[in-house]
Amino acid sequence: MLDQVQEPNAFIRKKTTLPNAPLEPRNHFSKTPVIYDHLFFVNFNKAGHSILGASAITDSFWEGTLLYFKDEDQLENFDYHGSYVYGTTSDGKFIDDKTIALAEDSGHINILSIDEDATLRTTNYFWLCERVPEIAVWENSSRVLSCAGRTVYIYDANSTNGKPIERYDSYHCDTVSSVDTLKDNTNVFLSGGRDRMACIWDMRNSVAASLLYSNEFSAINSVAWNQSDTNYIAVGTQAGDVYLLDKREPKDFVSVISCFPSPVNRLRFNTNSNLAICGDSKDVLVVNTQSNNMNVIYKNEDHKGHVKGLSWNGDVLFSCGFERSLIKHVV
C-alpha cells in the first residue's frame, strides 16, 4: 500500500516541476549580442565610424546591445565590427574616435574604449540617481554633458573620483529631457525640460543659466545648437512642433513648424544649417533654416515605427527606430 501511495506522488512531482522550468526568470546578459527590434540611437564620429544602440524593452529582462561599425555599409547591413552588452539605454555618443559615452537606463554613464581589435571595454563609469535621457559632448574634450531628473551634470571621462565637475539642480523645476553643447566651447551648453523651458548656460557667469525660451503650451523634448551659425538654436516639443530661436533675442522665437501629431524625439543640425527632425511618427523631416524660415526640403515615410535616433555623416543622414528600422537618407 505504501508503494501505491508513493508512486502517484512521485508522478505528480515530476509533472508539476518540468513544465515550470521554462518560467524561471532570466537574470543574466546574453553572451553574444542580440540586435533587438527597438533601436534608440545612432551616432557617427569624424572618421565615419558609427555606433547603434538597440534595447529589449518588451521582455521581462531588459537588455541593451551597443554595436560598433567601421563604415556605412557595415551599418546598413548590421555587420558589426564590435559589440557591448549592457542594460537598456537611451543614448550614446563618441567622445573621440576611440572613446564612447553610453547612457544606461539604470542611471549610469558608462565610458567605453575601442581597442585595436574592436573590443569595447569599460574604462570608467558614473552613477546618477535617475535615468539619463540624453548626453552630449564637446570637440577635443573628455567632458560629457548629461541630465537626470531635474539636474544637469558634467563629468570628465578621465576622472578617477566618480564625481561630476559641475552639478546644477536648482534651475529646472521638472525633468530635464535634452541637452546639447556648443562644440568648440566647453563653458557653454543648452538644456530643455518638461517645465517647458529651454535654458542657455555659460559656466563662467555667476549665475550659469539664463532662460532662452519658454513654451506656453508644451514640454520641451529636444534641443539642438546650430554649430555653423551659433546664434541659432532649435527646440522640439511634446506637441510635435519645432521652434527656431535666436539667442540674441531670448524669450521669443524666429519661426515655428508643426511636424507631427506626436512628440518630437530628436533634432540634429548638419554643417549646411539643415535640421533633421524625428518623433513618435514614421516620418523623418529635414528643414533648411538659413533664411530663418523652416522650409521642408526632404521628407521620408519609410520607417515601420516610431523614429528615435538621428545622426549626420557629412551630408548623409541616418535614422533609426522601432521594428529594427535603420534608414539612410541622401538629402
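Analyst: Asp-246 is buried, at a relative accessible area of 5%. Buried means under 20% relative accessible area, exposed means over 50%, and partly exposed is in between, with a 1.4 Å probe and protein chains only. The side chain of Asp-246 meets that of Arg-248 in a salt bridge, 2.9 Å from N to O. A salt bridge here is a side-chain nitrogen of Lys or Arg within 4 Å of a carboxyl oxygen of Asp or Glu. Arg-248 counts as exposed, because its relative accessibility is 51%.

The model is predicted: local features need pLDDT of at least 70, side-chain atom pairs count only at pLDDT 80 or more, and totals for chains, interfaces and linings use all residues. Side-chain values use heavy atoms, with hydrogens and water left out, and residues are numbered from 1 along each chain as its sequence is written. pLDDT is the predictor's confidence in each residue, from 0 to 100. The protein averages a pLDDT of 92, and 92% of the residues score at least 70. Residues 1-18 stay under 50. For that stretch the model has 1 contact beyond four places in sequence. Contact means heavy atoms within 4.5 Å.

Back to the charges. Side chains of opposite charge can pair when their charged atoms come close. The count by this rule is 16 salt bridges. Asp-202 and Arg-204 form one of them, with the closest N and O atoms 2.9 Å apart. Asp-202 counts as buried, at 17% relative accessibility. Arg-204 is exposed, at 53%.

Another salt bridge joins Asp-37 and Arg-324, with 3.5 Å between the closest N and O atoms. This pair links distant parts of the chain, 287 residues apart. Asp-37 lies in the loop between helix H1 (2-17) and strand S1 (38-44). Arg-324 lies in the loop between strand S26 (316-321) and strand S27 (325-330). Helices (H or I, at least four residues) and strands (E, at least two) are DSSP runs, numbered from the N terminus. Asp-37 is partly exposed, at 39% relative accessibility. Arg-324 is partly exposed, at 39% as well.

There is also a network of salt bridges, which links Glu-72, Glu-76 and Lys-328.

Gln-238 sits in the loop between strand S18 (232-237) and strand S19 (241-246). Its relative accessibility is 41%, so Gln-238 counts as partly exposed. A polar contact of 2.9 Å joins the side chains of Gln-238 and Asn-221. A polar contact is a pair of N or O atoms within 3.5 Å; within protein, one must be able to donate a hydrogen and the other to accept it, and residues adjacent in sequence count only if both atoms are side-chain atoms. Beyond its neighbours within four places in sequence, Gln-238 touches residues including Ser-218, Ala-219, Ser-262 and Pro-263. Asn-265 is 27 residues from Gln-238 in sequence, and their C-alpha atoms are 8.4 Å apart.

Two strands pair if DSSP finds at least two bridges between them. Strand S6 (residues 99-104) and strand S7 (residues 108-114) pair over 5 bridges. Ala-101 stands opposite Ile-111 in S7.
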